[in-house]
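Welcome, and please open your viewer.

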Amino acid sequence: MKMTQEFMAFLCVLFLQLSKFDVSSGKVLEETYRKWLQYKDDCIKMIESEVAPQGGLFCNRTFDHYACWPDTPAGSMVNITCPFYLPWFDKVAQGVVRRRCGPNGIWEENEIGQVWRDKSQCEEEIEVAAQELWLKELLVSFRMLYTIGYSLSLFTLTMALIILLSFRKLHCTRNYIHANLFLSFILRAVSVIVKDTMLERHWGREIMKHSDVSDMLSHQAAIGCRIAQVMMQYCVLANHYWFFGEALYLYAVLIASVFTENNKYLPYMCVGWGTPVLFVIPWVVMKILKENNECWAFNENMNYWWIIRFPILFASLVNFMIFLKVIKMIFLKLRASNQRGYPDYKLRLAKATLTLIPLFGIHELVFIFATDEQTTGLLRYIKVFFTLFLSSFQGFIVAVLYCYANKEVRMELKRKLHSWRTEAAMMCCGQ
């Protein structure tokens with residue numbers, strides 16, 4: 001019973017701030033709990049080590065699971081600095097929490113029979129709380145936006161992948177690369193949704209007793225969401241490097257002039273699915289050694305985050321350079337197309353891919369010098385919105401450009417549909 005009361009008293013403080021720090025609630029919870037344990041241990045050591053005052057009535061030293069109270073003479077009030085474990089301690093460091101020792105040497109109680117305590121100076125300002133509530137609502141809106149985007153992309157990409165793999169006439173190196181790009185987008189969407197689900201499951205479990213917090217913050221409990229986090233980072237990198245593969249293929253087709261239908265695509269497989277492993281593994285190692293906390297969803301040292309960020313920026317930069325090179329080549333070829341023949345399928349390929357390369361790379365290049373740790377205020381929210389919107393709806397745009405709006409795919413679908421209708425009519429006539 002004592003343990004439950006202790007924990008519930010602590011929860012009043014802990015979940016008060018969790019409702020305001022939705023984005024980093026896991027990190028705040030873990031850090032607050034760790035500091036609270038430290039505060040509690042220091043208080044217990046003080047209670048056990050200090051010598052009791054001699055003579056006169058006084059209220060006994062105690063720890064009420066919020067603050068540490070020393071021996072206090074009867075009939076006086078004691079002021080204690082706001083506990084350092086509070087998430088907003090920096091804002092209330094000059095404040096105090098008060099208790100009053102009664103004339104009989106017993107801590108005074110309020111009208112409901114609980115020990116009276118004034119902690120008004122240690123509570124967060126109303127204006128700040130309102131701003132944080134607005135921020136939480138904004139971030140919830142952002143999450144709803146990218147959840148809709150990833151869900152729409154997942155559906156359209158799955159159908160597009162089935163179409164490309166179902167029709168034999170669409171089987172070629174170019175469409176195999178497209179299919180892998182679709183698959184990388186599908187895995188990215190699934191991994192993001194699964195990661196969010198695992199985080200909610202990890203931090204949203206029911207808390208009934210003190211040990212539930214320790215269990216929730218243990219490494220064993222975080223294994224599931226850590227695995228989901230690793231898979232999401234791999235899928236995001238794979239998605240970027242399949243765009244890189246598309247750019248390389250376009251460069252080979254239009255500039256290197258090595259386009260053949262039996263061209264091997266094994267190198268593209270290595271680039272798309274193999275390259276991310278080279279960066280995800282070191283990132284996992286650094287997380288285990290240096291930041292093995294909660295679900296690995298936060299980056300305390302941004303230098304480690306560059307293990308993931310650098311290859312993405314590199315691929316985006318190369319894609320953009322290829323884009324500029326191909327634009328120049330397309331312009332020259334189109335200008336000369338009246339004098340010598342130019343395969344129409346190359347133009348179709350160029351139109352589709354050239355639309356995707358800048359879409360993929362521009363949002364990274366726009367903020368290449370505005371990193372996560374440097375952007376603040378409105379610029380940060382603009383960057384987050386811009387990045388989440390493009391990342392989540394990008395798969396939908398890819399499916400439309402590479403499949404649904406592709407003349408070759410539409411012609412094959414019409415031919416197949418006509419064939420099915422003919423077969424159905426013959427069966428009806430035969431009966």
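Start by selecting C101. This cysteine is buried, because its relative accessible area is 1% (buried means under 20% relative accessible area, exposed over 50%, and partly exposed in between, with a 1.4 Å probe and protein chains only).

Before going on, a word about what is on your screen: this is a predicted model, in which local features need pLDDT of at least 70, side-chain atom pairs count only at pLDDT 80 or more, and totals for chains, interfaces and linings use all residues. Residues are numbered from 1 along each chain as its sequence is written, and side-chain values use heavy atoms, with hydrogens and water left out.

**C101 and its partner**

Helices (H or I, at least four residues) and strands (E, at least two) are DSSP runs, numbered from the N terminus. Now look along the S-S bond of C59 and C101: the torsion is about 95 degrees, so this disulfide is right-handed. C59 is buried too, with a relative accessible area of 0%.

**C82 and C122**

Next, select C82 and C122. Here is another disulfide, with sulfur atoms 1.9 Å apart. Is it right-handed or left-handed? The torsion about the S-S bond of C82 and C122 is about -90 degrees, so the disulfide is left-handed. This pair links distant parts of the chain, 40 residues apart: C82 is in the loop between strand 5 (77–81) and strand 6, and C122 is in the loop between strand 6 and helix 3. Both C82 and C122 are buried.

**C43 and C68**

Now move to C43 and C68, joined by a disulfide with an S to S distance of 2.0 Å. C43 belongs to helix 2 (residues 25–49) and C68 to strand 3 (residues 68–69), so the pair ties together parts 25 residues apart in sequence. With a torsion of about 85 degrees around the S-S bond of C43 and C68, the disulfide is right-handed. C43 and C68 are both buried.

How many disulfides does a search of the whole structure find? The search finds three.

**Last stops**

Finally, select C235, which counts as buried because its relative accessibility is 7%. Then select C403, another buried residue, with a relative accessible area of 1%.

Key
A disulfide is a pair of cysteine sulfur atoms within 2.5 Å.
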